[in-house]
Amino acid sequence: MQQVTNMAINTVAFQALTQQLQGCNITLVAVSKTKPVSDIRELYALGHRDFGENYVQELVEKQPQLPADIRWHFIGHLQTNKVKYIAPFVHLVQGVDSEKLLREINKQGAKQNRIINVLLQVHIATEETKFGFNAEELEDLLQIETTAALANVNIQGLMGMASFTDNVAQVRTEFQSLKALFDKHAEKQLPNCDFKILSMGMSGDYEIAIPCGSNMVRIGSLLFGSRN
Ligand SMILES: *Cc1c(COP(=O)(O)O)cnc(C)c1O
(Lines give C-alpha, C1' and ligand atoms only; values in the text may rest on other atoms or scores of the structure.)
Protein backbone atom coordinates (compact mmCIF):
# COMPACT_ATOMS: atom_id res chain seq x y z
CA MET A 1 0.00 0.00 0.00
CA GLN A 2 1.24 3.45 -0.83
CA GLN A 3 2.06 5.74 2.05
CA VAL A 4 0.70 9.18 1.41
CA THR A 5 2.69 11.88 3.15
CA ASN A 6 1.85 15.49 2.72
CA MET A 7 4.55 17.63 4.27
CA ALA A 8 3.67 20.83 2.49
CA ILE A 9 1.74 23.63 4.06
CA ASN A 10 -1.59 24.70 2.65
CA THR A 11 -0.60 27.95 0.95
CA VAL A 12 -4.04 28.41 -0.57
CA ALA A 13 -5.67 28.34 2.86
CA PHE A 14 -2.95 30.61 4.22
CA GLN A 15 -3.43 33.27 1.55
CA ALA A 16 -7.20 33.20 1.88
CA LEU A 17 -7.03 33.38 5.65
CA THR A 18 -4.50 36.23 5.80
CA GLN A 19 -6.55 38.22 3.33
CA GLN A 20 -9.69 37.71 5.35
CA LEU A 21 -8.02 38.54 8.66
CA GLN A 22 -5.90 41.51 7.63
CA GLY A 23 -9.03 43.29 6.48
CA CYS A 24 -10.43 43.20 10.02
CA ASN A 25 -7.18 43.58 12.00
CA ILE A 26 -7.16 40.06 13.38
CA THR A 27 -3.80 38.48 14.17
CA LEU A 28 -3.20 35.00 12.84
CA VAL A 29 -1.09 32.77 15.03
CA ALA A 30 0.06 29.77 12.99
CA VAL A 31 0.08 26.84 15.39
CA SER A 32 3.11 24.81 14.34
CA LYS A 33 3.20 22.27 17.20
CA THR A 34 4.43 18.83 16.09
CA LYS A 35 5.32 20.25 12.66
CA PRO A 36 8.90 20.40 11.32
CA VAL A 37 10.90 23.62 11.11
CA SER A 38 10.79 23.27 7.31
CA ASP A 39 7.03 23.92 7.44
CA ILE A 40 7.60 27.01 9.58
CA ARG A 41 10.22 28.25 7.12
CA GLU A 42 7.72 27.91 4.28
CA LEU A 43 5.20 30.13 6.01
CA TYR A 44 7.97 32.50 7.09
CA ALA A 45 9.04 32.85 3.45
CA LEU A 46 5.49 33.96 2.67
CA GLY A 47 5.89 36.74 5.21
CA HIS A 48 4.34 35.14 8.27
CA ARG A 49 5.89 35.91 11.67
CA ASP A 50 3.52 34.75 14.43
CA PHE A 51 3.85 31.10 15.39
CA GLY A 52 2.38 29.15 18.29
CA GLU A 53 3.79 26.15 20.15
CA ASN A 54 2.49 24.31 23.18
CA TYR A 55 5.44 22.25 24.42
CA VAL A 56 8.39 24.02 26.03
CA GLN A 57 10.94 21.49 24.87
CA GLU A 58 9.73 21.59 21.29
CA LEU A 59 9.75 25.37 21.30
CA VAL A 60 13.27 25.70 22.70
CA GLU A 61 14.51 23.21 20.11
CA LYS A 62 12.90 25.01 17.19
CA GLN A 63 13.53 28.62 18.18
CA PRO A 64 17.34 28.72 17.62
CA GLN A 65 16.97 27.07 14.21
CA LEU A 66 14.67 29.77 12.91
CA PRO A 67 14.90 33.50 12.20
CA ALA A 68 15.10 35.74 15.26
CA ASP A 69 12.23 37.99 14.20
CA ILE A 70 9.63 35.25 14.62
CA ARG A 71 7.11 36.14 17.32
CA TRP A 72 6.71 32.98 19.40
CA HIS A 73 3.41 32.44 21.17
CA PHE A 74 3.27 29.86 23.90
CA ILE A 75 -0.27 28.53 23.72
CA GLY A 76 -0.27 25.47 25.97
CA HIS A 77 -0.30 24.78 29.66
CA LEU A 78 2.96 26.16 31.04
CA GLN A 79 4.52 24.63 34.14
CA THR A 80 6.07 27.17 36.49
CA ASN A 81 9.42 25.36 36.55
CA LYS A 82 9.70 25.71 32.77
CA VAL A 83 9.05 29.44 32.44
CA LYS A 84 12.77 30.18 32.61
CA TYR A 85 13.47 28.34 29.36
CA ILE A 86 11.21 30.51 27.23
CA ALA A 87 11.44 33.77 29.20
CA PRO A 88 14.38 35.14 27.16
CA PHE A 89 12.53 35.18 23.87
CA VAL A 90 8.80 34.40 24.10
CA HIS A 91 6.58 37.07 22.56
CA LEU A 92 3.26 36.22 24.22
CA VAL A 93 2.40 33.60 26.81
CA GLN A 94 -1.21 32.71 26.08
CA GLY A 95 -2.88 30.57 28.60
CA VAL A 96 -1.67 31.87 31.95
CA ASP A 97 -3.97 29.90 34.21
CA SER A 98 -2.84 30.63 37.75
CA GLU A 99 -1.56 33.49 39.86
CA LYS A 100 1.45 31.39 40.77
CA LEU A 101 2.38 31.09 37.10
CA LEU A 102 1.85 34.80 36.57
CA ARG A 103 4.21 35.59 39.44
CA GLU A 104 6.84 33.23 38.10
CA ILE A 105 6.65 34.84 34.65
CA ASN A 106 7.07 38.21 36.33
CA LYS A 107 10.12 36.93 38.22
CA GLN A 108 11.74 35.48 35.10
CA GLY A 109 10.91 38.64 33.19
CA ALA A 110 12.79 40.65 35.82
CA LYS A 111 15.77 38.32 35.52
CA GLN A 112 15.81 38.81 31.77
CA ASN A 113 15.28 42.52 32.19
CA ARG A 114 12.22 42.40 29.98
CA ILE A 115 8.48 42.71 30.17
CA ILE A 116 6.74 39.51 29.14
CA ASN A 117 3.36 39.81 27.45
CA VAL A 118 0.69 37.42 28.68
CA LEU A 119 -2.95 36.52 28.21
CA LEU A 120 -5.03 35.03 30.99
CA GLN A 121 -6.76 31.80 30.03
CA VAL A 122 -10.41 31.59 30.92
CA HIS A 123 -12.27 28.33 31.20
CA ILE A 124 -15.34 28.81 29.00
CA ALA A 125 -16.01 25.27 27.77
CA THR A 126 -18.47 23.00 29.52
CA GLU A 127 -15.91 20.21 29.30
CA GLU A 128 -14.00 19.44 32.45
CA THR A 129 -10.43 20.64 32.25
CA LYS A 130 -7.98 21.70 34.86
CA PHE A 131 -6.90 24.81 33.02
CA GLY A 132 -8.17 28.34 33.05
CA PHE A 133 -9.70 30.83 35.46
CA ASN A 134 -13.44 31.06 35.95
CA ALA A 135 -15.15 34.45 36.06
CA GLU A 136 -14.87 34.72 39.84
CA GLU A 137 -11.18 33.81 39.95
CA LEU A 138 -10.49 36.31 37.20
CA GLU A 139 -12.23 38.99 39.20
CA ASP A 140 -10.15 38.12 42.26
CA LEU A 141 -6.92 38.26 40.28
CA LEU A 142 -7.54 41.45 38.37
CA GLN A 143 -7.24 43.83 41.29
CA ILE A 144 -4.89 46.77 41.59
CA GLU A 145 -3.11 45.24 44.62
CA THR A 146 -2.15 42.22 42.54
CA THR A 147 -1.29 43.66 39.16
CA ALA A 148 0.63 46.66 40.53
CA ALA A 149 3.26 44.27 41.86
CA LEU A 150 3.82 42.65 38.47
CA ALA A 151 6.03 45.18 36.71
CA ASN A 152 7.68 42.61 34.43
CA VAL A 153 4.51 41.32 32.86
CA ASN A 154 2.01 43.05 30.64
CA ILE A 155 -1.42 41.45 30.79
CA GLN A 156 -2.72 42.04 27.29
CA GLY A 157 -6.05 40.30 27.46
CA LEU A 158 -7.76 36.93 27.54
CA MET A 159 -7.61 33.60 25.78
CA GLY A 160 -10.15 30.81 25.72
CA MET A 161 -11.10 27.57 24.05
CA ALA A 162 -14.68 26.67 23.33
CA SER A 163 -16.14 23.21 23.78
CA PHE A 164 -15.23 20.66 21.14
CA THR A 165 -18.70 20.20 19.72
CA ASP A 166 -20.73 20.58 16.52
CA ASN A 167 -23.23 22.67 18.44
CA VAL A 168 -22.58 26.09 16.92
CA ALA A 169 -24.98 27.87 19.28
CA GLN A 170 -23.13 26.54 22.30
CA VAL A 171 -19.72 27.52 20.93
CA ARG A 172 -21.05 31.00 20.14
CA THR A 173 -22.46 31.40 23.65
CA GLU A 174 -19.08 30.44 25.12
CA PHE A 175 -17.20 32.92 22.95
CA GLN A 176 -19.71 35.63 23.80
CA SER A 177 -19.18 35.00 27.50
CA LEU A 178 -15.44 35.45 27.04
CA LYS A 179 -15.97 38.68 25.12
CA ALA A 180 -18.17 39.99 27.94
CA LEU A 181 -15.44 39.22 30.48
CA PHE A 182 -12.87 40.89 28.26
CA ASP A 183 -14.93 44.08 28.00
CA LYS A 184 -15.58 44.14 31.71
CA HIS A 185 -11.93 43.89 32.71
CA ALA A 186 -10.63 46.08 29.89
CA GLU A 187 -12.54 48.96 31.45
CA LYS A 188 -10.62 48.74 34.71
CA GLN A 189 -7.32 50.15 33.37
CA LEU A 190 -5.17 48.37 35.94
CA PRO A 191 -1.40 48.81 36.23
CA ASN A 192 0.67 46.45 34.07
CA CYS A 193 -2.45 45.60 32.11
CA ASP A 194 -3.10 46.68 28.56
CA PHE A 195 -6.22 44.80 27.56
CA LYS A 196 -6.19 44.68 23.78
CA ILE A 197 -6.06 41.02 22.74
CA LEU A 198 -8.93 38.57 22.78
CA SER A 199 -7.52 35.26 21.55
CA MET A 200 -10.27 32.88 20.56
CA GLY A 201 -10.86 30.62 17.58
CA MET A 202 -9.04 27.62 16.12
CA SER A 203 -9.30 25.83 12.75
CA GLY A 204 -12.73 24.41 13.53
CA ASP A 205 -14.38 27.42 15.13
CA TYR A 206 -12.60 30.64 14.18
CA GLU A 207 -15.46 31.63 11.89
CA ILE A 208 -17.74 31.59 14.92
CA ALA A 209 -15.19 33.38 17.13
CA ILE A 210 -14.61 36.35 14.82
CA PRO A 211 -18.16 37.77 14.86
CA CYS A 212 -18.04 37.36 18.66
CA GLY A 213 -15.14 39.82 18.88
CA SER A 214 -11.98 37.76 18.55
CA ASN A 215 -8.93 39.67 17.34
CA MET A 216 -6.46 36.79 17.47
CA VAL A 217 -7.01 33.31 16.08
CA ARG A 218 -4.78 30.29 16.64
CA ILE A 219 -4.85 28.09 13.56
CA GLY A 220 -2.94 24.83 13.17
CA SER A 221 -4.42 22.01 11.11
CA LEU A 222 -5.98 24.27 8.50
CA LEU A 223 -2.50 25.54 7.59
CA PHE A 224 -0.23 22.60 8.34
CA GLY A 225 -2.53 19.63 7.88
CA SER A 226 -3.80 17.35 10.59
CA ARG A 227 -1.48 16.24 13.39
CA ASN A 228 -0.77 12.60 14.16
C1 LIG B 1 -3.48 23.01 18.94
C2 LIG B 1 -4.07 24.28 19.40
C3 LIG B 1 -4.65 25.18 18.49
C4 LIG B 1 -4.78 24.90 17.01
O5 LIG B 1 -5.70 23.89 16.77
P6 LIG B 1 -6.21 23.55 15.28
O7 LIG B 1 -7.50 22.89 15.51
O8 LIG B 1 -5.19 22.64 14.69
O9 LIG B 1 -6.32 24.82 14.54
C10 LIG B 1 -5.13 26.38 18.99
N11 LIG B 1 -5.05 26.68 20.30
C12 LIG B 1 -4.50 25.84 21.19
C13 LIG B 1 -4.46 26.26 22.62
C14 LIG B 1 -4.00 24.62 20.78
O15 LIG B 1 -3.47 23.80 21.69
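## Around L120 and the nonpolar cores

Leaving aside residues up to four places away in sequence, L120 touches V96, L102, F133, L138, L141, L142, I155, G157, L158 and M159. The structure described here is a predicted model, and in it L120 belongs to the largest nonpolar core, a group of 61 residues in which I105, L120 and L158 touch the most other members. Helix α8, which covers residues 168-186, supplies the largest share of this core, namely five residues. In soluble globular proteins, nonpolar side chains tend to be buried together.

There is also a second, separate core, which is made of six residues, including L119, M159, I197 and M216.

N117 sits in strand β5, the run of residues 116-122. Because its relative accessible area is 16%, and residues under 20% count as buried, N117 is classed as buried.

What does the side chain of N117 meet there? One of its polar atoms lies 3.2 Å from the backbone oxygen of H91, and the side chain of N117 also makes a polar contact, at 3.3 Å, with the side chain of Q156. When residues up to four places away in sequence are left out, N117 touches H91, L92, V93, N154 and Q156.

## The ligand and its surroundings

Around the ligand there are 13 residues, of which K33, S203, G220, S221 and R227 come nearest. K33 places a polar side-chain atom 2.7 Å from an oxygen atom of the ligand, whereas G220 has a backbone N or O atom 2.8 Å from a ligand oxygen atom, and for S221 a backbone N or O atom likewise lies 2.8 Å from an oxygen atom of the ligand. The ligand taken alone exposes 390 Å², and the protein buries 90% of that.

## Two aromatic pairs

The structure holds two aromatic pairs. In one of them, the rings of F51 and W72 have centres 6.1 Å apart and planes at 45 degrees, so this pair is tilted. Since F51 lies in strand β2 (residues 50-53) and W72 in strand β3 (residues 71-74), the pair ties together parts that are 21 residues apart in sequence. F51 counts as buried at 0% relative accessibility, and W72 counts as buried at 2%.

F182 and F195 form a tilted aromatic pair, with 5.5 Å from centre to centre and 40 degrees between the planes. F182 belongs to helix α8 and F195 to strand β7 (residues 193-200), so this pair ties together parts that are 13 residues apart in sequence. F182, with a relative accessibility of 11%, counts as buried, and F195, at 15%, counts as buried too.

Key:
Residues are numbered from 1 along each chain as its sequence is written. This is a predicted model: local features need pLDDT of at least 70, side-chain atom pairs count only at pLDDT 80 or more; totals for chains, interfaces and linings use all residues. Side-chain values use heavy atoms; hydrogens and water are left out. A nonpolar core is a set of buried Ala, Val, Leu, Ile, Met, Phe, Trp, Tyr and Cys residues joined through side-chain atoms within 4.5 Å. Buried means under 20% relative accessible area, exposed over 50%, partly exposed in between (1.4 Å probe, protein chains only). Helices (H or I, at least four residues) and strands (E, at least two) are DSSP runs, numbered from the N terminus. Contact means heavy atoms within 4.5 Å. A residue is near a molecule or strand if one of its heavy atoms lies within 4 Å of it. A polar contact is a pair of N or O atoms within 3.5 Å; within protein, one must be able to donate a hydrogen and the other to accept it, and residues adjacent in sequence count only if both atoms are side-chain atoms. Accessible areas come from the Shrake-Rupley method with a 1.4 Å probe; for residues, only the protein chains shown count as cover. Rings of Phe, Tyr and Trp (its six-membered ring) pair if their centres lie within 6.5 Å; planes under 30 degrees apart count as stacked, over 60 as edge-to-face and the rest as tilted.
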